[in-house]
Amino acid sequence: MCEYFVKINLLKQIGVGFSYHTNRSFHGGEGGTFAASEDIYAFMRLWYKAFPDSRSLPFSIAGESYGGQLSPLPSSLS
Amino acid sequence: MIKIIWPAIVGTLATCLTLSSAAQTPLTEPTFDGFGGNPNIRTLTHESHPDHSLTIQAHGPKNPTIKSDAPSLSDICPGATSGYTGYLNHGDKHFYFAYFESRSKPAEDPLVLWLNGGPGCSSMTGLFMELGPCTVNEDGESARENPNSWISAANVFFLDQPVRYSNV
């Protein structure tokens, strides 16, 4: 199943799922797991600012497969 | 199966505009200006993260402040609760996310950020085939409620990332 998604994305030269980038010369040099973790960290900071009610809720990051690599890094930034 | 359902999902997500109702307690709405003249779409910023912004749009079934035309995802994704969809923006990268409130106690239940693996697997895999509010049917053209979804007991984000995975 994942192989299929990878093939689609390589052929179309776009991102994962509904995510996208607008720079056609972007070849992934800015990407990587650590960069992704900084984006995830910023995502949660933005969310908590907009929805302060949710700050009191227990928070977890969960994932499968390579999500096991992606999940621990944002927590190391906080 | 994937070949058939994926265009269907993308198409229906983009065009779903029907409102329904349910008893849920949403989070308090943020008070931000509308974006691009559309009061349903808001872009949020944070002074500590000047390179990032978050563009969000509420979806039904229930939203107290923009109830009149907040689209619902429950028509295409039975079992969906209210929440938000949008993008985390970082330069020319735009990470799609979908957020669903808990079916139980959204104001008390845990907050979970779900990431599929790969690298290169969309977290929509998790949403539509694993732990999301609905599961795509075998016909590839419809979905059914997923009673075992994690949103039964938690508020869940499904975040599509990374934008480009070839150098991960």
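What percentage of the 78 residues in chain A is buried? Buried residues account for 37% of the 78 in chain A, where buried means that 20 or more other C-beta atoms, placed from the backbone, lie within 10 Å of the residue's own.

This is a predicted model, in which local features need pLDDT of at least 70 and side-chain atom pairs count only at pLDDT 80 or more, while totals for chains, interfaces and linings use all residues. Residues are numbered from 1 along each chain as its sequence is written, and chains are lettered from A and ligands numbered from 1 in the order in which they are written.

**View 1. The elements of chain A.** Here you can follow four helices and two strands, which run α-β-α-β-α-α from the N terminus on. Helices (H or I, at least four residues) and strands (E, at least two) are DSSP runs, numbered from the N terminus.

**View 2. Strand β5 (residues 111-115) of chain B and its cover.** Five of the five residues in this strand are buried. On one side sit B:Leu111, B:Leu113 and B:Leu115, and on the other B:Val112 and B:Trp114. In a regular strand, side chains alternate between the two faces of the sheet.

**View 3. The partners of β5(B).** Strands pair if DSSP finds at least two bridges between them. Strand β2 (residues 59-63) of chain A joins β5(B) in the parallel sense over five bridges, with A:Ile61 opposite B:Leu113. Strand β8 (residues 155-159) of chain B also pairs with β5(B) in the parallel sense, over four bridges; there, B:Asn155 is the bridge partner of B:Leu111.

**View 4. B:Ser82 in its loop.** Look for B:Ser82 between β2 (52-59) and β3 (83-90) of chain B. B:Ser82 is buried because 25 other C-beta atoms lie within 10 Å. Its C-alpha atom is separated by 5.9 Å from that of B:Glu101, 19 residues apart along the chain.

Terms used. A residue is buried if 20 or more other C-beta atoms lie within 10 Å of its own, exposed if 12 or fewer, and partly exposed in between; C-beta atoms are placed from the backbone.
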